[in-house]
Amino acid sequence: MSAQKDGWISSLAFLLFCASSIPKCGSASLQQELSPQHYFSGLEAGKTSLAFFTPSVSPGAQPFLEQIESSAEVLQDYGISVVKVNCPKEDVSRYCGKENALRKAFLFRGNRLIREFPTDALFDVNSIVANVLFALLFNEVKYIETLADLENIENVLKGKSNMVFAYVPATGTAEHRAVMEAAFVYGTIHQFVLTTEAALLKATSHDDPDVSSAWLLFYHCQQVTEPAQPCRRTALAQPLTLLSIHRHLKLMGAPLVTEVAEDPEKISTVHLQLGLPLVFILSQKETYEADRRTAEFVAWQLLGKAGVALLSRDLVDLNVLHRSNVALKTPEEGMPIQYLVLEDTDEVITLVEDKNKVKQIQEDEQEEEEDEDEKENNNQDIQDDQVVEAVSRDKKRELPLEQILVLTEENFHSSLSEAARTVVLFYASWEAVSLAVLCSYSEVAAHLKGALGVLLSRVNCWDWPGLCSQENVTQFPTIKIYKEGQQSVTYDGMWGTEELSSFILLSQVPCPLKLTTVDEAEGYLRGEIPSELSSHHHTSLLGVFSTDTSKAREAFEEAGNILSGHVRMGMYFEDDALALSRKYSVSPPALLLARSGGRSVEGIALSQHSVQDMVQMIRYQLLDIFPEITVSNLPRYLQLRKPFLILFSAGNISQMERKEMLKLAKGRPQQAFVACWLNLKKTPVGHGILRTYFSTTPSLPVLLWVNLHAGGQVFKFPSEQSITEMNILSWLEKLQAGLEIPSSTLSEEDWKPPLPAYDFLQMMEPSVPELSPKSGNTPDPPRIPGGDTARGGGDTASREEPSQESTAEEFGSPGRDLRGTAPRLAARDKQGKRHSEL
Amino acid sequence: MALAVCGTLLGLALYAGGLCTVSGATFLYHDYCVIGAGPAGLQAAYFLQQAGRDYIVFERSHAPGSFFALYPRHRKLISINKQYTGKSNSEFNLRHDWNSLLSHDRRLLFRHYSRDFFPNADTMVRYLEDFASLLKLRVQYNTAIIHVTLEKNEQAWNGHYFLLTDQDRKTYKCSSLLVAAGTWVPNVVNFPGSEYVEGYETVSINPDDFVGQTILILGRGNSAFETAENILGVTNFIHMVSRSRVRLSWATHYVGDLRAINNGLLDTYQLKSLDGLLEGDLEDLAIVKDKKGKLHITLRFYLENRNISAGIDSITLPQDELDNFATRAPYDRVIRCLGWKFDFSIYNRSLRMMPGKGNIKKYPQIKPSYESRSTQGLFVLGTASHSVDFRKSAGGFIHGFRYTTRAVHRLLENRHHGVPWPSTVHPITQLTNSIIKRVNEASGLYQMFSVLADIILLRENATAFEYLEEYPIGVLAELEMQTGRKAGSGLFVIIMEYGKNFSGADKDVFYYNRAVGEAQHAWQSNFLHPVIYYYKRLPTEHEMRLHPPDWPLPRPDAIHHIVEDFLTDWTAPNAHILPLRRFLENCLSTDLRNFFAESCFLFAFTHQKLPPSCQQGYMRMQGLLGSQELLHHAVQAGLLQDYSHTDFSDDRPSESHDGSQEQLMRDHGIPVHPLQHLVNTKDEL
């Protein structure tokens, strides 16, 4: 520590030494005693000297001379020689002759007289040095008397150079000398301004200043770009001495924020050299801009007290907590760098201003966090339901609902009878999922515009609860399709535009559709009949029945009712059904299955005759062998409750992969797993899955075995092997044998409440003592007289609480909060707010 | 003996609803007998009729609502008839319709009968006539039940039959007796000189009869003020005397207290315009008449010490001793407006119909289930049942007892016909919605606040729940027995409450900051707001008795207040629904958030368990795919990750993704990097 101090003092001395361009370096001669002639003839141009003339004997000037003598050495440093001229008795020249001239000192530059000082202004070394330099630095140091002068200078300097403004209670003081000495060195760099007017001191400092002590402000005018913008100011906190001023100016000159990209232990800046701490703001690439602003903000706050550096974590391998965001390096050698987690810039400042508090802050913070957890339950007033939040953010957008008829209790039944088919969305205008579906519903309306015979309508159950309960709507949203003279069908598919549109279209045609000729049946299998659906690609199902299989046919029809809207079903039971069945080599009752446009037709014998089994079987038959998994079809495959063998692909899978996987999938008829693939382009959320499994996206394509229903292990097919049926099969064998290590395991966590609720019971307890839990066996305790007043008191106390909180919140300036997310701030602001309009 | 024989015979002939003739007397049998065809009797009849029950209503008058044919004397009802609410929700609108009875017939809404905000009593009579006739209710008019007694019979529903005798000595036999006779016997106070007092029932309503008179009114209820209001302009002055202080309904939230529409006299009293209010016990009063026919107030105490035969001059008047006695001026008339009480006289001693204690002595003693305390099978409906919530809720008024009558009907359906309390079963994902729907529109909860409650019974594992509407919370402990529903896995009780220390006489209900706006201080709400109690198991009767004073229910395991709302519209997503959801989630220890299908998809691949909304929606092919706009909003809110722009060739581990998606989902509120949000602070300088 002391070594360091010495170091910087010597550097100061050296600096002064050089800057003062001492004419006679090294010849630190004392005041010379010369005769007038000798003196005047020896005055060199550009050289400054302070001369005083004394008669041979002048007892009165004795104390003054002593001071002059002792200041000679100091003035020498500034290139000013002090000369004592002995006036011979006979000399009556200008300086020696007059009596009063003998009481003065004269400052000469060259042989030009700059200023004469009465000896009583030069009462000590300080005053001599101060006054001499003051006179000498007439241009460098402006003396002002009014605020207007100060503002003028400030305005002139904006964008050009910085300003040092000093107030000294009087000239000739030690502080005055310190300012002048500093001006001597820095006068060419910064504009110095001096005043002795107390009014100016008051105008420039914040709180009630002490007029008897000096005050120095650094005006950062150089960076000011806007003329209207005032210069930032940094006050010198210490008493004015040459050293403190020098230190201050040096700090002001240092860069505001140093960017570092090396081990903080090795960093040294001017601050550390000057005995000040250095604060590191730990940054990372993602937040660099914000962190830089933070650092600048902190740096301005700490200017003159500590240095601020921005440390990029990405470039330095720091072995510290990820949470840490601030580090502190103190000038003391051997002290380790402290890494801290701070929440507020104020904490950084406190940290520097009172290092002792550091520990306490950290402790307090933890307590505070706990406190907050208890009190505010952190963010529980922030919406964390994605659907509710999305819908409320969408509130301002007006949905295009012109196509959708609004139904009421009055017009419901009459409207239903007007259209052949009416789709009714039952919803509640306050309910988020309802509104999200209404959003898709409006898109459906746009889709189906022109579809004849379909009327889209809606009923707001918040307006018409009687109608909704009459229509047996017990939850929102519900979509029902009403057909003339038939029972309504409730939509039970995905709440999506496409799914809903397709459902509405499909339910336009009877399910199953009765076909009367073989040609029709063939056309149906090709997807040409019915014509309304020809533009939609659905798998077509055709039930073929001979006239004597009425039981199976009834079951099929019943299954058609259940699957209506989801499946395209046809039925053929004419006499020549046999011809049809023979063509596809099945015997009735049978099911013909034409996947995507009838390119291939499969025949399946219908052996089960119960409706449920039939539905089940049809649903199963509609599943693909090697499907592409999407958000909307996953649940169908999950219902099989089998492990997934899933290929994640960046785009479409290659022909080769498809071929191999298909071989694998078809290989065994009753597969023990679902072979499928996922297109990350089409289903980008697949990235989320991969990231959860591997923390990064592995190279694609990647084949995974996911035990979705048992154990939840995820295995990755070795990427170095090519995806072939053989490789996969042998890998699966190894898996089964337990020879592979899972890459990941699905979380087993329960879905707990995301955040705690307000504990009103606990809040009420202080005001309602009777509420405290009673031990089960105690009989009704006798009421204590006066208990009521006690309760009343408790109640008022607790009622005041929120208002106190709110004032506290108001004083804490928002925006300084390091966690200052907008919703949080808003939440804080409104805390304890009550409206009195009720 | 003869009765016993008849009893056994009845046991055989019971369900034929036939006749039983013993020694010349004919018993007409019905399962349910209702006494009184006023609003409550007709309301009960409606529910019995809807359920197809064997019932009869006895009415002493020739038409329904005979009380309203006479009263109020000045014919203005003080129950509001609000025509417009800005809403079409019929259930909600009943909150502001205090006159209609409940029925499925939309013609029978009071607003079709009167356009007056405070309708005329004749309209009520007409309405009740229509109600009885349009709905074809079985009412036997001109039948005054003058005696009710019991007949023990082990086979009867309640171990006894009710035998009712009318004015013609005709006898009726019933298994269950519903007393909806109202309170119609005028309250009379006896004191020396009470013979000079005119009753509200008969006093003239023509103001001309009071010109230039000085009037003393006994009583301080709406009838007293209504009487005063009528003659305020023509009298010298009116004084009102009563034991209790005036209770203003807008200060007490109790509609039976003095309504603003009647309080003109308060104005003239407080402005010193000669009218005045006095407090004193009427029992201590005495009235003496002087020779000029003027009535003087004195105290019973003075009369007791004197010679009865002496004239008026010998009676000490208070002003003789206290020359500034308040009522020293003589009165021309004294009018009694002390309200009515239940007619206890017709019930046989064996029924033990006892008056309540204290301020409910005008009502018979009943249990919170509205059943008589001493006679099983006897239920008291309507105004006479007001002892349950006297000076608290609206059970003594049409807009309250129409719901309690329905509750009684439901109790009876379960008890005698094995029809459990109606309920609906929903998946747990609908829990928040079910509550929000009810607290926003239910009128029974709103009118019968702190008396009727919706009950949510949780099914095992909390995957589904059963919703019961408007159950009387006084008998919460008996819920399983009374409703036929099982409450094994915990329950929520939803009621409406006013702030505990807000209303009441002496309280300034207009003080500053009387309304709470912040959800986290909701428990301090003062105005009517929904409160949800959570019990892990049904409270026992013992626990019910130990409930804290002023609390309708015992200490719950958790409680939630939905913050009061100026518009009584509790549908705000953040202030009302979110805190409710958090409460329910924490009671059930689950996550009740809604998720888009995409999130469920991710969870299905990354979690072994799914949140209820994915389980009951997405997994059953009912996922919410969401429109592009909505998904975009969710991404912007940080509640959904957008993967579509992910550059997957970048293998560098990304810092912000090192937590799982689930972590992100959960911790979304806490910024990943705490310093990054300082962006704006610079502007502060």
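Q: Hi! Which residues in helix 23 of chain A meet helix 25 of chain A?
A: On the helix 23 side they are Glu660(A), Met661(A), Lys663(A) and Leu664(A), and their partners in helix 25 are Glu725(A), Ile728(A) and Leu729(A). Contact here means heavy atoms within 4.5 Å, and helices are DSSP runs of H or I with at least four residues, numbered from the N terminus.

Q: What classes of residue make up that contact?
A: The contact between helix 23 and helix 25 of chain A has four nonpolar, three charged and no polar residues. Ala, Val, Leu, Ile, Met, Phe, Trp, Tyr, Cys and Pro count as nonpolar, Asp, Glu, Lys and Arg as charged, and the others, Gly among them, as polar.

Q: Before we go on, what kind of model is this?
A: This is a predicted model, in which local features need pLDDT of at least 70 and side-chain atom pairs count only at pLDDT 80 or more, while totals for chains, interfaces and linings use all residues. Residues are numbered from 1 along each chain as its sequence is written, chains are lettered from A and ligands numbered from 1 in the order in which they are written, and side-chain values use heavy atoms, with hydrogens and water left out.

Q: Back to those helices: at roughly what angle do the axes of helix 23 and helix 25 of chain A cross?
A: Helix 23 (residues 655-667) and helix 25 (residues 725-736) of chain A have axes that cross at roughly 50° and come within 9 Å.

Q: And what does that make helix 23 of chain A relative to helix 25 of chain A?
A: Helix 23 of chain A is oblique to helix 25 of chain A.

Q: New topic! How many helices and strands are there in chain B?
A: Chain B has 20 helices and 23 strands, where a strand is a DSSP run of E with at least two residues. Chain A has 28 helices and 30 strands.

Q: Where does Gln447(B) sit?
A: Gln447(B) belongs to helix 13 (residues 443-447) of chain B.

Q: Is Gln447(B) buried or exposed?
A: Gln447(B) counts as buried because its relative accessibility is 5%. Buried means under 20% relative accessible area, exposed over 50%, and partly exposed in between, with a 1.4 Å probe and protein chains only.

Q: Which backbone oxygen does its side chain reach at 2.9 Å?
A: That is the backbone oxygen of Arg95(B). The Gln447(B) side chain also reaches the backbone oxygen of Leu94(B), at 3.2 Å.

Q: What else does Gln447(B) touch?
A: Leaving out residues up to four places away in sequence, Gln447(B) touches several others, including Trp98(B), Ser393(B), His399(B) and Tyr403(B).

How values were computed
Polar contact = N/O pair within 3.5 Å; in protein donor to acceptor, adjacent residues only side chain to side chain. Axes fitted to C-alpha atoms, helices over the stretch in contact; angles between N-to-C directions. Parallel < 35°, antiparallel > 145°, perpendicular 65-115°, else oblique.
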